[in-house]
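Q: Could you walk me through reading the sheets of this model?

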Amino acid sequence: MRVGLFIPCYINQLYPEVAIATLELLEKLKVDVYYPSTQTCCGQPLGNSGYEEDSKGACQLFVENFKEYDCIVGPSGSCIYHVKKHFDILEQTPDVVKVRNNAYELCEFIVKVLGKTDLGASFPHKVGLHKSCHGLRGLHLGSCSERMDPHFSTEEDLLNNVKGLELMKLNREDECCGFGGTFSVFEEAISVKMGKDKIQDHLNSGVEVITGADHSCLMHLEGLINRDNKPLKVMHIAEILNSTI
Amino acid sequence: MSHSEKAAIFNKNEAKVNWHDKALWYVREKRDNAAHGVKGWEYLRDTASKIKGNVLSNLDNYLIEFEANALKNGIKVHWASDAKEHNSIVYKIVKEHNAKKVVKSKSMLTEECHLNPYLESKNIEVVDTDLGEYIVQIAKETPSHIVLPAIHKTKEEVDELFQEHLGTKPSNGNPEYLTNEARKHLRNKFLQADVAITGVNFAIAETGGFVVCTNEGNADMGAHLVPVHIACMGIEKIIPKEEHLGVFLRLLARSATGQPITTYSSHFNKPAEGKELHIVIVDNGRTEQLSREDFRSSLHCIRCGACMNTCPIYRRSGGHSYDATIPGPIGSILSPGKDLTKHSSLPFASTLCGSCSNVCPVKINIHEQLYKWRQIIVKEEPQPFVKKSILKIAGKVLENRTLYNFAGKSARFMLKYAPKFMIYSKLNAWGNARDLPEVKNTNFDDWYKAKRKNKK
Ligand code: SF4
């Protein structure tokens with residue numbers, strides 16, 4: 001199985017360590033992984049802002065870059081959701097359909113496609129899981145608190161198998177953090193308030209490290225944590241799963 | 001003012017925001033508990049959604065069936081194409097009976113049609129008899145929530161309001177005392193009224209009757225005491241058969257307040273001896289919304305308010321920030337259909353987290369419709385120059401790898417070396433309260449080139 005590694009634009013530029021951890025993790029799991037070097041972005045920031053029309057070029061480029069792979073894997077639930085959900089603006093050629101059907105968020109790929117949950121990682125800390133909305137409610141990476149379905153969580157399955165890691169229980173376990181792409185800028189007051197409340201929930205629960213499968217939410221939370229000097233760290237789930245395996 | 005500007009003002013008082021957020025989250029938790037108690041909750045939602053889908057596809061037939069059966073029962077049926085017509089029909093009936101005093105039970109449709117100011121301009125006294133509605137009425141405000149109209153007011157604020165309007169004693173916001181005083185006051189209003197107006201929760205095509213749900217019994221108090229009862233309903237309130245009521249009544253109360261059933265689910269089938277029962281069936285933009293395929297299912301809404309309680313933005317914005325009769329997530333997909341220019345900021349007042357769609361008892365894909373409205377608004381409404389240019393340029397950059405490389409490098413360079421006052425300026429809403437990410441020495445592309453030879 002040939003896997004194309006998709007690194008979202010902001011992770012590429014600002015969080016290379018997340019991209020590296022993702023790549024190393026996949027390599028350790030013996031995945032035959034390739035990084036198409038002409039990739040840019042999935043077009044999500046444009047689509048969510050109402051400029052879907054202007055994102056067609058970026059979407060088409062995404063398909064060109066990834067059409068030859070059996071699976072496309074990226075460390076970002078919201079970008080993968082965008083590919084699966086909103087690439088209907090392109091003509092549905094066999095390539096487009098293939099890319100949409102075979103795009104996976106990293107945790108989803110490890111659990112559902114590789115069938116693994118115990119990766120042999122160890123991380124002796126108190127961890128709070130931020131369940132990003134697009135991954136949770138969009139990609140169904142877990143059960144949602146609004147729905148009356150049996151409990152499941154792809155990320156929890158992985159984290160519960162990390163040695164020494166203590167997963168802390170939050171009060172509002174899947175409330176949005178308030179990032180929302182350009183929402184964070186155009187609805188600044190609410191965005192900041194939501195983020196602050198989310199951080200407080202983690203602090204109240206004794207969390208040391210906030211993790212999640214979507215680094216955009218973590219970037220927003222990190223910005224607030226650093227500004228207010230809160231005793232918290234954020235790490236992408238790939239970085240935790242990649243520790244000492 | 002846009003939603004974000006209004007919400008920013010609401011957020012100046014953080015303690016109030018916290019209180020508002022907690023009050024509504026409490027209702028959301030009550031709803032979760034109540035829903036957990038029902039085996040097959042998701043199945044019920046599916047069923048309700050399918051019934052509503054069927055109703056919308058056959059709306060004309062069901063309405064005609066309803067009218068025929070209602071007439072058979074002795075109900076007088078009126079049709080209104082818009083708010084203006086609705087108001088004048090109601091006024092005509094009121095005038096025919098020389099009525100001066102009207103008691104109203106809570107109805108979002110009459111809010112939507114601005115019935116109160118219209119009747120008041122004709123020298124008719126209208127009293128809202130739902131306690132929350134009454135509070136906002138004397139405060140000269142509009143409801144900030146469709147089920148909890150006065151949720152934006154604290155007990156202490158209500159205390160002051162009652163002192164001023166009802167002459168109550170200061171009670172430090174004692175809810176029991178205040179409710180009792182309001183009850184006494186409203187009792188007189190019921191006794192003096194000539195006409196009662198109610199909303200309609202469900203109208204049943206098969207029987208020509210309708211159901212009104214209240215927790216305070218105020219619809220019944222009004223309707224049973226007066227000689228004339230006028231019920232106002234939107235065309236989408238129809239359900240085909242009486243047997244479908246069970247599905248909706250179980251969903252409605254639990255989604256709205258977490259109760260297993262609303263305290264009063266009153267069935268009105270025909271006028272009592274010697275009395276009149278009117279029903280006004282209103283379109284007011286609904287057929288237009290029905291014709292928009294992407295947004296048609298917004299008419300499934302049974303007005304439970306659950307999407308507001310769950311919405312993290314609504315909870316921190318306050319209902320008035322939406323400046324619309326129906327605020328919150330559902331309002332944000334209904335309102336642009338009525339006035340795109342006025343409500344163009346509402347579909348952006350969301351992170352598209354999807355909690356609303358998950359909570360909705362009739363499974364409206366609210367967050368997907370918000371996304372769709374955004375695409376339309378950007379095309380049809382003038383956009384701020386800066387926002388528009390940035391996003392258009394971004395589109396060009398992201399479809400071209402050379403431009404992307406260049407942009408990535410320059411942005412990283414700027415973030416790293418530009419003076420702080422340039423990055424944290426008024427123009428940069430990210431940086432007011434948040435630190436920007438720290439820039440590393442390399443990006444992933446460069447790292448990859450150096451460390452891995454691509455196998456491709
Ligand atoms: S959209 Fe759904 S959740 Fe919101 S008020 Fe209507 S029925 Fe309730």
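**Reading the sheets**

A: Let's start with one pair: B:Thr198 stands opposite B:Ala231 in β7(B). This is a predicted model, where local features need pLDDT of at least 70, side-chain atom pairs count only at pLDDT 80 or more, and totals for chains, interfaces and linings use all residues. Residues are numbered from 1 along each chain as its sequence is written, chains are lettered from A and ligands numbered from 1 in the order in which they are written, and side-chain values use heavy atoms, with hydrogens and water left out.

Q: How many bridges join β4 to β7 in chain B?

A: Strands of a sheet pair through backbone hydrogen bonds, either parallel or antiparallel. Two strands pair if DSSP finds at least two bridges between them; strands (E, at least two residues) and helices (H or I, at least four) are DSSP runs, numbered from the N terminus. Here, β4 (195-198) and β7 (228-234) of chain B run parallel, joined by four bridges.

Q: What is the strand order of the six-stranded open sheet in chain B?

A: Reading across, the order is β1-β10-β7-β4-β2-β3, with parallel pairing. β1 (76-80) and β3 (125-128) of chain B each have a single partner strand, so one side of each is left without a neighbour in the sheet.

Q: And what is the strand order of the open sheet of four strands in chain A?

A: That order is β2-β1-β3-β4, again listed with parallel pairing. Its edge strands are β2 (32-34) and β4 (103-105) of chain A. Three bridges link β1 (2-5) of chain A to β2(A), where A:Asp32 is the bridge partner of A:Arg2.
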